[in-house]
Amino acid sequence: MTGPGARGAELESLEVDLLLEGVARQWGFDLRSRSRPQLLRRLRRHLREERLDSFSALQARVLHDAEALDALLRTLSCTAPALFSEAAFFRDFRARVVPVLRTWPSVRVWHAGCGTGEDTYALAILLQEEGLWGRCRLYASDASEGLLADARTGVLPLPTQEDAQRYLEAGGKAALSDYYTRDGNWALLQPKLRDSIFFTQHNLATDGSFNEFHVIVCRDTLLTFNRALHDHVHGRLFESLARFGFLCLGRKESLTRTPHAGAYEVLEGCGRIFRRVA
Amino acid sequence: MSPLGLLVVGAPRAAAADVESVLALLPPHLAVPVVLALHRGPLDALAAPLGRRCALPVVEPDDKDLLVPGAVYLAPAGYHLLVDRGSVALSVEPPEHGQRPGLDALFESAADSHGPRAAGLLFAGHEDGVAGLHALQARGGRVAVVGPHPAGGEGEDGEMEQLTLGSVGGWLARLAYVPRSKVLP
């Protein structure tokens, strides 16, 4: 059946391709290697929010206006909504990774794809509670300067009761409210946490390895990439991870069929924390 | 009609038992993958109970897993499950209609990636899924709604096929019949 729906789909697909081509050539952001279904959904949402009729209209705007591009990149990113949003990961990290980190004199941690920083700050709180903050360097990177600017402020929507509960489930040793001061509906995180995190702009798709790390946290970031870019980025992560270092992925991400899968061992009973052994 | 390449099923939480009985109707040598999104909370264990009476394996896929014919792919808790041609794509986009996994998300991705080669089955009872099913229908996919009430409510076009739990089996059989009748040049 080829009705108007099918023809409309072809036209939409063409317009999306032109938009992505334009963004890549004008701004150097190559979105063509994104996971196509998610990209289409995010773009359509962005179109509705901007009250535009077609991707051609969006293209006209984005090519001429850096702020419009930033708004587009923001819509495409899906960052953790709250501190300790996945308690199980932080609990496992505390139980299985922290004891090993204690035995090392210094530890470099890279949070790749930090978005607006919720998980980065959760990690910083955890490392501080475990007494590792003094010898840890925590780097957090994202491709979007706009999101990084948000992350750097150290200001988050005020944590809810549920957030505080998840913090305790994650093995929290104090109260979540000890780590921020309230300002209306916002929480200002301790300057001590904020100032010791190195926020840096880094595009996983195009930029190379920038250091060697003992821990790389890259959770649910690669979901937005297609298979080819996903595998390519895993190559970069592998190059950036010291031998016996830890790679922490999202709950439903796997190393199967990635180029260096054989060099990792999964930590048993711990979700998706892998250790580089070769 | 294009040969069938994918069956997508969406259901609200209240329809979990109905989904289980429909999965039991699937033949053991189904020639297409089945992708299923069911509204769920973070702690529901669903794959095992849904697979009890199903002849096919019911799995919660990892991101970018390949879609293999004859398996049922269940959306994991906390993720939207999308299809991307021959593989699944998980997504942590915000919940829609308060739900993640969402039904619209799955149907929309099936419409984009498979179009007329996808068939969509929606269990009525929730607003989520209606728009996505219409998108799939607009792209030429074969769609039907299971349940007592028309899922679209008033004002929606009445072309969408309405099924009862008893008639789903026949609908599935007709889907399976189409590709076999197709004579390839």
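This is a predicted model: local features need pLDDT of at least 70, side-chain atom pairs count only at pLDDT 80 or more; totals for chains, interfaces and linings use all residues.
# A walk through the two chains

B:P101 sits in a loop of chain B, between β6 (87–91) and α3. The peptide bond leading from B:R100 into B:P101 is cis. Its omega is near 10°. Most peptide bonds are trans.

Chain A has a backbone feature of its own. A:R51 is not a glycine, yet its phi is positive, at about 55°. Most residues other than glycine have a negative phi. Where does A:R51 lie? It is found in the loop that runs between α2 and α3 of chain A.

The crossing of α2(A) and α3(B) is right-handed. Which residues of α2(A) and α3(B) meet? From α2(A) come A:P37, A:L40, A:R41 and A:R44. From α3(B) come B:A105, B:E108, B:S109 and B:D112. Sorted by type, the residues of this contact are four charged, three nonpolar and one polar.

Now stay within chain A and follow it to the next pair of helices. Helix α3(A) spans residues 55–64, and helix α4(A) spans residues 66–76. Their axes come within 5 Å and cross at roughly 120°. The angle therefore makes α3(A) oblique to α4(A). The crossing of α3(A) and α4(A) is left-handed. On the α3(A) side, the contact is made by A:L58, A:R61, A:V62 and A:H64. On the α4(A) side, A:A66, A:A68, A:L69 and A:L72 take part. Six of the residues in this contact are nonpolar, one is polar and one is charged.

An unreviewed UniProt entry lists residues 28–278 of chain A as "domain: CheR-type methyltransferase". In the model, that span is 40% helix and 20% strand.

The strands come next. Strands of a sheet pair through backbone hydrogen bonds, either parallel or antiparallel. One sheet of chain A has seven strands. It is open, its pairing is mixed, and its order is β6-β2-β1-β7-β8-β10-β9. Which strands are at the edges? They are β6 (197–201) and β9 (264–266) of chain A, each pairing on one side only. Ignoring direction, neighbouring strands of this sheet are turned by 20° against each other on average.

Look at the β6 end of the sheet in detail. Strand β2(A), residues 136–142, pairs with β6(A) in the parallel sense over five bridges. A:S141 has A:T200 in β6(A) as its bridge partner. A helix also packs on this sheet: α10(A), residues 227–240. Helix α10(A) touches β1 (107–112), β7 (213–217), β8 (241–248), β9 and β10 (273–276) of chain A. The direction of α10(A) makes about 130° with that of β8(A).

Chain A also holds an open sheet of three strands. Their order is β3-β5-β4, and the pairing is antiparallel. The edge strands here are β3 (155–157) and β4 (180–183) of chain A, and each pairs on one side only. From one strand to the next, the twist averages 30°. How many bridges join β3(A) to β5(A)? There are three, and the two strands run antiparallel. Strand β5(A) takes in residues 186–189. Within β5(A), A:L188 is the bridge partner of A:V155.

Conventions: Residues are numbered from 1 along each chain as its sequence is written. Chains are lettered from A and ligands numbered from 1 in the order in which they are written. Side-chain values use heavy atoms; hydrogens and water are left out. A crossing is left-handed if the near helix is turned anticlockwise from the far one by less than a right angle, and right-handed if clockwise. Helices (H or I, at least four residues) and strands (E, at least two) are DSSP runs, numbered from the N terminus. Contact means heavy atoms within 4.5 Å. Ala, Val, Leu, Ile, Met, Phe, Trp, Tyr, Cys and Pro count as nonpolar, Asp, Glu, Lys and Arg as charged, and the others, Gly among them, as polar. UniProt positions are given in the numbering used here, feature names are shortened, and annotations may be inferred rather than shown by experiment. Two strands pair if DSSP finds at least two bridges between them. Axes are lines fitted to C-alpha atoms, for helices over the stretch in contact, and angles run from 0 to 180 degrees between N-to-C directions. Angles under 35 degrees count as roughly parallel, over 145 as roughly antiparallel, 65 to 115 as roughly perpendicular and the rest as oblique.
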